[in-house]
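Let's take a walk through this one together, starting with the whole chain and then moving in to single residues. Keep the sequence and the model side by side as you read.

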Amino acid sequence: MFEAVVSKATILKKLIESLKDLISDVSLECTPEGISIQAMDASHVSLVYLSLRAENFEEYNCTEGQSLGISIASLSKVMKCGDNDDQITLRAESNASMLSVIFQGKEDDRISEFHLNLLSLDSEQMGIPEEEYPAVITMPSEEFSRVCRELSQLSDTLNFEANKEKVTFSVKGDIGKGAITLKHRPVSKKPVNIEVVENVSCSYAMRYLSMFNKASSLSEQVIMCSAEDKPLILHFQFEMGEIKYYLAPKVQED
């Protein structure tokens, strides 16, 4: 038996929105400790890891581990049926064939109940090693959104360079080029903290970064970890847990 109650549906709505363009079918790994998702996009260029801790739910009950295969597109459609302030309950019996999604109105005057067919998916999880990165940038999520929004107009490749004083995001395309530079300013209304032990220069696919950027609505800041020989990590922490995106760097063409 699995049951999880979230006080406001808006949190799950934002989570599903941040996933639906990147992945299609996922396995919700439900354990007594919480819910997690680990999935790769169809091209195997990026990976997403989501963790929602049990203690951060309004109510949480999971007596034994369950893997619930679900279509993100279908779940997204159901999420649109509830108001942002609705309480939402996710429920599945042991060996269930359906996931119940229940919306309860703020004034307890309305209950909407939906049942989604569960999918049979391979739930094997990959080990993600914890590694040290030579460049770790902590910045406001709105600054990262600006980088994605403005620079994606000129190119589908984002160039990233970081040293101890600043980090520069740049693009170069058929119609021109552009760059946004953020300086190390740990004490500020919009703090940017740059921790670099080794200068880094990498290129990434802008399309994926723009999809990752949808998680910016969950958190006021994003942690970016970069290295020339490792996947980029974008780490968003929010009130219910965390979401991490991993993206392989683009191979530089001579």
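**The chain as a whole**

Of the chain's 254 residues, 50% count as buried; here buried means under 20% relative accessible area, exposed means over 50%, and partly exposed is in between, using a 1.4 Å probe and protein chains only. Before going on, a word on what you're looking at: this is a predicted model, where local features need pLDDT of at least 70 and side-chain atom pairs count only at pLDDT 80 or more, while totals for chains, interfaces and linings use all residues. Residues are numbered from 1 along each chain as its sequence is written, and side-chain values use heavy atoms, with hydrogens and water left out.

Now for the overall build. You'll find four helices and 18 strands in the chain, each one a DSSP run numbered from the N terminus (H or I over at least four residues for helices, E over at least two for strands). The C-alpha trace spans about 55 × 40 × 35 Å along its principal axes. A compact globule with 254 residues would have a radius of gyration near 18 Å, and the chain's 20 Å agrees with that; the radius is taken over C-alpha atoms, and the globule rule is 2.2 Å times the number of residues to the power 0.38.

How much of the contact count, at a separation of 6 or more, comes from residues 24 or more positions apart? That share is 64%, where a contact means heavy atoms within 4.5 Å.

**Going inside**

The largest nonpolar core has 77 residues. Such a core is a set of buried Ala, Val, Leu, Ile, Met, Phe, Trp, Tyr and Cys residues joined through side-chain atoms within 4.5 Å. Phe 2, Ile 137, Phe 169, Leu 209, Leu 234 and Tyr 245 have the most contacts inside this core. Helix H1, residues 9-19, gives the most to it, with six residues. Apart from that core lies another, of seven residues, including Leu 47, Ile 223, Ile 233 and Tyr 246.

H1 itself is mostly covered, with nine of its eleven residues buried. Among them are Ala 9, Ile 11, Leu 12 and Leu 15, and also Lys 13.

Leaving aside residues up to four places away in sequence, Tyr 245 touches Ser 18 and Leu 19, and its other partners include Leu 47, Phe 212, Leu 234 and Phe 236.

Thr 138 counts as buried because its relative accessibility is 18%.

**Out in the loops**

His 44 is in the loop between strand E3 (34-40) and strand E4 (46-53). Its phi is near 60°, a positive value in a residue other than glycine. His 44 has a relative accessible area of 59%, so it is exposed.

Asn 95 sits in the loop between strand E7 (87-92) and strand E8 (98-104). Asn 95 isn't a glycine either, yet has a positive phi of about 55°. Is Asn 95 buried or exposed? Asn 95 counts as exposed, because its relative accessibility is 81%.

Finally, look at Val 197, in the loop between strand E14 (193-196) and strand E15 (200-205). At 70% relative accessibility, Val 197 counts as exposed. Its C-alpha atom is separated by 8.6 Å from that of Tyr 133, 64 residues apart along the chain.
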